[in-house]
Amino acid sequence: MAATQSTRRVTLDNGLTVIVRESHRVPVATFWIWYRVGSRNEPLGRTGISHWVEHMLFKGTPDYQPGEIFRTINKFGGTLNGFTSLDYTAYFETVPNTQLELAVSIEADRMHNAIFDPEEFEKERTVILSEREGNENSPGFHLREEMMAAAFRAHPYGQSLIGFESDLKSMTRDELYDHYRTFYTPRNSTAVIVGDVDTDEAIDIVSRHFGVIDAGPDVPEVRTTEPEQLAERRIVLRRPAPARQMSLAWHGPNAANPDAPAMEVLDTILSGGKGIGLGSGGGMGRSSRLYRSLVSSGLCSGAGSGFSLSIDPNLFSVSATLLPETDGDEVESVIFDQVRQLREDLMPQIELDRAIKQIRAQFAYATESVTQQGYWLGSMATVAPDLDPDDFLEQVASVTAEDVQRVANTYLREGRYTLGWLIPEDHAGDTASEVQPEVAAMMNQPAFYTDGHPEEAVAGAPRTKLDITERSLSNGTRMVSNYDPTSEAAVVELRIPAGSALDGETPGLARLTGSMLTRGASTFTFEQFNEELDSLGAAIGVSTSREYVDVSIQCLREDAGRLIQLMADVVMTPTFPEDELERVRAQSMNALRRTLDDTRSEASHKLRTMLYPTDHPLYHRAIGTEETLAAITREQLIDYHRRAYTANGAIFGVAGGLETDIAAELIEDAFRDWNPVDEPARMTIDPVDAPAERQRATGSIAGKSQSDIAIGLPVIERSHPDYEALRMGNLILGRLGLMGRLGANVRDTLGLAYYAFSNLSAGSTYGRWTSQAGVNPENVDTAVDAILHEVQRLRDELVDPEEIADAKSFMVSSLPIGLESSGAIVATMLQIAFYDLGLDYVERLPERVNAVTAEAIREAAQRHLDPDRMAIAVVGP
């Protein structure tokens, strides 16, 4: 498990730690700066100050105006963000390697030159209060805050990370500036560079920009140590919520403690291997102890555990989301029994090996991305500066069953825990998806608040070549592939034109069918399937969209043959067991109820019902309705699978360390009996006209603090001649920089919202433009007017030459960063193949982008974005 890349660590004269790791897979570099300051360092009365300072570092220096940092990095195709955790605040830029010095210079500038303009400070107060209100819309947020406060009686880990409302309303500009000057110093920070760089040159760049900054004052120590918890603590929170949730937490070791590796393995034993870094990995743990005892048993729709690697001793947590008829006492009993077994019984070696393989696999998947590597190196250098991250992985690999039993007895002691329940006040019914519940995020690593985009920016293609090999297979399917001999991972994805547009009069049929594919096949039961996947550290996922279903595998390359065979079994011979159907039905029903409790989801759905007739495929939610989910039978699933899951139009995408010839041979062998049919199911998503006049609808959900706005109208399909111009116009309007013009107006100028953005989605025969914002209910009308004003301005005025130049640069330069991982490469190749964009799409894109003019953008907006024909949906408290 040792890293193979060259890594060097040096310390500058002013105390700045610099870590550089070379990774020459793609011409990309990531730069991170980590400050050892988070909510852990906040005094009472100033909770949330670290997160607020993080926001202010995007609000300008003498060299950069508010919002300019985002625009500057985006102009070169880069991505960036910042986030605040309990222990640290971090910022990163991932850019083409030629722009590394730009990223370094920006971070050096704002380390000691941030302005904290009083007017910008006051605007950001409203933005952060809006962000807190958005979090309050999630019932799990309240349980998280209550649990942390109950578990920590003395240590500041128990304080609100985003800040208590009273503190956010009373904080002053000078308090923020003093906090910034105290903690944003070289001696309290670590710089990390990973990517296609030369180590000596990278260190020289950092030295030139950061070496001139004064080391800074001594940082105040956090002297409080949490006293030993001597008794059980229980909380019960009653408020409007779609589900009963339970959270259970014990105090554990910190990251530097020799017991931390064994706790990571214990966590994996309970609920599977977790992704490393910012969302990498996933899909493991269905053979884990909590999944088998709580989810497979039909007691819960989700269950998970989490262990935080932190500076000071933090929490090990277990959490669950209950199904409606489940007895809460039984769930508690099952969890405590699982923990008791860990304390009393040595686990089988096969179970230990499976857990360590999952952790190894998750690290292999994460190291495909230089951004993820930067996260891992920087976070570990911050929370455990004397520990080599690669040594930590070796320590995980050497954990024994005796080690796991020992740490279970040391930390997961009887009667030394905090237990919390979230009880729906109205008892309207429980809801959760089959993923780990929200509560697990309370203690899992990482836990932080981010600044920047609520969604990723629209990615264009790079000035680089994406080598795609296409083959026609013997059953008439196509395979597109990209081989990377340096990758330990293999990703294979199969796209079948069997999306929810085929639902007809039974909304939810396609999605329920997809959810059932892995629940049993002719060669395995659901339990056997999960055992094998987890033993290989692999994942198989099924995702149903409007136009297609994607069945994907992610594994270590040595296991690709077996995973492709399992994929074939999932696609060709699912058995749809009745008992599993009832479990999935209950989970889907609960997921629907959870959606009904989410203001953003409800606003989006209400918007669609205003834009499409009731018999249109886009009218209903893809998940279905309570009525259809309750009525769908096993026979309907079998019939849908027979009609829709055929080889007609299917495409395989392959990337990573799996050679093209070997991949083709494995797929041919596994899918040799999967053939096209004479009359496959045909999918139709007819275009519709925009409303004749502006429409508005409102809705409310109990227990919420923030209102969500969704504005939109039907637009053009992807192949339309206006598509590239409209896409660029939308990028300028609501994506580029900190959410484009919409973010600049609604967030930065007016200070109304944490997020305000727009999105253009286009398929083979349809398209839709939408804008969304989350605001305080009192600011809804002002925000709506501001959004519509920016749309009208795009129709009335030619975009600024600098804006269009930045948009073109972003669209041309961003794809190399978007192609860091094998999964991203597969997704791009499948889009190219599915929409017949041409295998040379990447090479041709610069010419297409550069052909777009300001006049073309205005004309496209005039033809397709008419504010007077838009629908407006608002759902709030």
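Where is the place of phenylalanine 116? Phenylalanine 116 sits in the loop that runs between helix H3 (100-112) and helix H4 (118-136). The model is a predicted one, and every value below is computed from it. The relative accessible area of phenylalanine 116 is 2%, and buried means under 20%, so this residue counts as buried. Its backbone has a feature to note: phi is near 60°, which is a positive value in a residue other than glycine. Phenylalanine 116 also belongs to an aromatic cluster, together with Tyr35, Phe58, Phe70, Tyr91, Tyr177, Tyr180 and Tyr184.

Phenylalanine 576 is in the loop between helix H18 (560-572) and H19. Its phi is near 50°, again a positive value in a residue other than glycine. With 2% relative accessibility, phenylalanine 576 counts as buried.

The next topic is aromatic pairs. A pair of aromatic rings is described by the distance of the centres and the angle of the planes. The count for this model comes to 32 aromatic pairs. One of them joins tryptophan 32 and phenylalanine 92, whose ring centres are 4.5 Å apart and whose planes make an angle of 25°. Planes under 30 degrees apart count as stacked, so this pair is stacked. Tryptophan 32 belongs to strand S3 (residues 28-35) and phenylalanine 92 to strand S5 (residues 89-96), so the pair ties together parts that are 60 residues apart in sequence. Tryptophan 32 and phenylalanine 92 are both buried. Another pair consists of phenylalanine 152 and tyrosine 157, with 5.6 Å from centre to centre and 80° between the planes. This pair is edge-to-face, because the angle is over 60 degrees. Phenylalanine 152 has 4% relative accessibility and therefore counts as buried. Tyrosine 157, at 0%, counts as buried too.

Now to the helices. Two packed helices are described by the angle between their axes and the distance between the axes. Take helix H2 (residues 68-75) and H3: their axes come within 11 Å and cross at roughly 170°. An angle over 145 degrees counts as roughly antiparallel, so H2 and H3 are roughly antiparallel to each other. H2 contributes Ile69, Thr72 and Ile73 to the contact, and H3 contributes Leu102, Ile106 and Arg110. By class, the contact of H2 with H3 has four nonpolar residues, one polar and one charged.

On the H16 side, Leu512, Ser515 and Met516 take part, and they meet Glu580, Leu581, Val584 and Ser588 in H19. Sorted by class, the contact of H16 with H19 has four nonpolar, two polar and one charged residues.

What angle do helix H24 (residues 723-734) and helix H25 (residues 736-749) make where they pack? The angle is about 90°, and the axes of H24 and H25 are 4 Å apart. That angle makes H24 roughly perpendicular to H25. The contact involves Leu731, Ile732, Leu733 and Gly734 of H24, along with Leu736, Met739, Gly740, Arg741 and Leu742 of H25. The residues of the contact of H24 with H25 divide into six nonpolar, two polar and one charged.

Two single residues complete the walk. Threonine 518 lies in the loop between H16 and strand S16 (520-521). It counts as buried, because its relative accessibility is 6%. Leaving aside neighbours within four places in sequence, threonine 518 is in contact with Arg286, Phe524, Phe526, Phe529, Ile540, Val542 and Val570.

Is serine 601 buried or partly exposed? At 28% relative accessibility, serine 601 counts as partly exposed. Serine 601 is part of helix H20 (residues 599-611). From C-alpha to C-alpha, serine 601 and aspartate 708 are 8.8 Å apart in space, although 107 residues separate them in sequence.

Conventions:
Residues numbered from 1 in each chain as written. Predicted model: local features only at pLDDT ≥ 70, side-chain atom pairs only at ≥ 80, totals over all residues. Heavy atoms only, no water. Contact = heavy atoms within 4.5 Å. Helix = DSSP H or I, 4+ residues; strand = E, 2+ residues; numbered from the N terminus. Nonpolar A, V, L, I, M, F, W, Y, C, P; charged D, E, K, R; others polar. Buried < 20%, exposed > 50% of the residue type's maximum accessible area, 1.4 Å probe, protein only. Axes fitted to C-alpha atoms, helices over the stretch in contact; angles between N-to-C directions. Parallel < 35°, antiparallel > 145°, perpendicular 65-115°, else oblique. Phe/Tyr/Trp six-rings, centres within 6.5 Å; stacked < 30°, edge-to-face > 60°.
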